[in-house]
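This briefing is meant to be read beside the sequence and the structure. Please have both open before going through the points.

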Amino acid sequence: MINYDDILNRDIVALPPSGIRKFFDIAEGMKDVISLGVGEPDFATPWHIRQAGIRSLEDRKTRYTANRGLMELRSEIAEYMRRRFYLQYDPKSDILVTVGGSEGIDAAIRTLVAPGDEVILPQPSFVCYEPIIRMSGGTPVIIRTKRENEFRLTADELRAVMTDKTKLLIMPFPCNPTGAVMRREHLEEIAAVLRGTNIAVLSDEIYGELTYDGSHTSIAQIDGMQERTVIISGFSKTYSMTGWRLGYACGPAPILKQMTKIHQYAIMSAPTTSQYAAIEALRNGDDDIAAMKQQYEARRNIMVNGFNSIGLECFKPSGAFYAFPCIASTGLTSEEFCERLLYSQSVALVPGSAFGAGGEGFVRASYCYSVDHIKEAIRRTKLFLDELKNE
């Protein structure tokens, strides 16, 4: 009889499962659950984008594409990066179309990180970075960003942890789960620390278009940074195309060449139908971005005001579609708070600790839900807080 303990990779077995999923698995078996947990737009993919995908199927465009993706799509990505962010990329050598932004993150880290390398990772941040670093044999060097800095990375924090072993800095901004944004002046300070080093940057900009109170700036726009930066982005959040599973990486040709090898062996090519839909999104989707962003901004204000009004301190996030209220005043851990709230009032949130130890004392709430949905969740959360006061 086979012994699975002997054949399973012990490094993989040691990785914890995603902390995001636990409460949704519980919630699936409950009735009348109000969830603010999933980071997925509630908008349907705009019709003209869906129509382009349908048309590609009707035209029998169902074969593999080039490994790097359709040249037509890569050219549109290059044009998009030029007109939106003033960055120049050669579609032949500097762009790779991936299966979601997640594949791009994985390929970039595996390309750049070897056993023994150190990777600087600001947290709280999305759950995938640290496990991928460890699977690559790298050592995560965690910087706990601070609420008083609105969870931005500072130059002093970066400088304090850099060593001769530092290979890569991950820049997860706009940030999931905090909504933190690095403005140009903050990026200039980070760039000043990196200049003269041989440290690469992975800039996850999947939420770049969802930047409020100003526009998104990429660290690759800062002098001297494009040559060391791989930008990861995609279509899931910007165009409400989560299920289409399409992303892309833009960066220096020597890095993209090696990332493409991983993509060739692991994936072959991204979904063909999704690529044709993405071409339409890039060409004619600017109005869709603006309309959805306007809705998110209104929901953000309602959610932040709601949490503050019931006694959970919450700063106004400048990007993505998450609020990160502090629950430390309740005396509960993040996980205890979320579990008790779920069972008491059928409201599903995500513990801040799921995004790194620096997230303890906070919870993540997504505002990519309807206004009525958000208001009801806030109302129920207040009832739960009232219960705690009466214990």
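P124 is found in the loop that runs between strand 3 (118–123) and helix 7 (129–135). The peptide bond leading from Q123 into P124 is cis, with an omega near 5°. The model is a predicted one, and its protein chain contains 14 helices and 12 strands.

**Cis peptide bonds**

- As a general point, most peptide bonds are trans.
- The bond from Q123 to P124 is cis.
- A cis peptide bond also joins F173 to P174, where omega is near -10°.
- P174 lies in a loop as well, between strand 5 (166–171) and helix 9 (184–194).

- Most residues other than glycine have a negative phi.
- R60 has a positive phi, near 65°, and is not a glycine.
- R60 counts as exposed because its relative accessibility is 72%, and the cut-off for exposed is over 50%.
- M268 is not a glycine either, and its phi is positive at about 85°.
- M268 is placed in the loop between helix 10 (253–266) and helix 11 (272–284).
- With a relative accessibility of 36%, M268 counts as partly exposed, a class that falls between the buried limit of under 20% and the exposed limit of over 50%.

**Overall form of the chain**

- Along the principal axes, the C-alpha atoms fill a box of roughly 65 × 60 × 55 Å.
- Of the 391 residues, 56% count as buried.
- Among contacts with a separation of 6 or more, 76% are between residues 24 or more positions apart.

**Surface and charge**

- The accessible surface of the protein chain is about 17,100 Å².
- Carbon and sulfur atoms contribute 49% of that surface.
- There are 44 positive and 49 negative side chains in the protein chain.
- The centres of these two sets of charges lie 3 Å apart.

- Three strands form an open sheet in the order 9-12-11, and their pairing is antiparallel.
- Its edge strands are strand 9 (322–323) and strand 11 (350–351), each of which pairs on one side only.
- Strand 12 (residues 363–366) pairs with strand 9 in the antiparallel sense, over two bridges.
- A323 stands opposite A365, a residue of strand 12.

- I289 is part of helix 12 (residues 286–309).
- I289 counts as buried because its relative accessibility is 3%, where the limit for buried is under 20%.
- Leaving aside residues up to four places away in sequence, I289 touches R84, E209, T238 and Y239.
- Y239 and I289 are 50 residues apart in sequence, while their C-alpha atoms are 6.5 Å apart in space.

Terms used:
Residues are numbered from 1 along each chain as its sequence is written. This is a predicted model: local features need pLDDT of at least 70, side-chain atom pairs count only at pLDDT 80 or more; totals for chains, interfaces and linings use all residues. Side-chain values use heavy atoms; hydrogens and water are left out. Helices (H or I, at least four residues) and strands (E, at least two) are DSSP runs, numbered from the N terminus. Buried means under 20% relative accessible area, exposed over 50%, partly exposed in between (1.4 Å probe, protein chains only). Contact means heavy atoms within 4.5 Å. Accessible areas come from the Shrake-Rupley method with a 1.4 Å probe; for residues, only the protein chains shown count as cover. Lys and Arg count as positive and Asp and Glu as negative; His and the chain ends are not counted. The place of a charge is taken as NZ of Lys, CZ of Arg, CG of Asp or CD of Glu. Two strands pair if DSSP finds at least two bridges between them.
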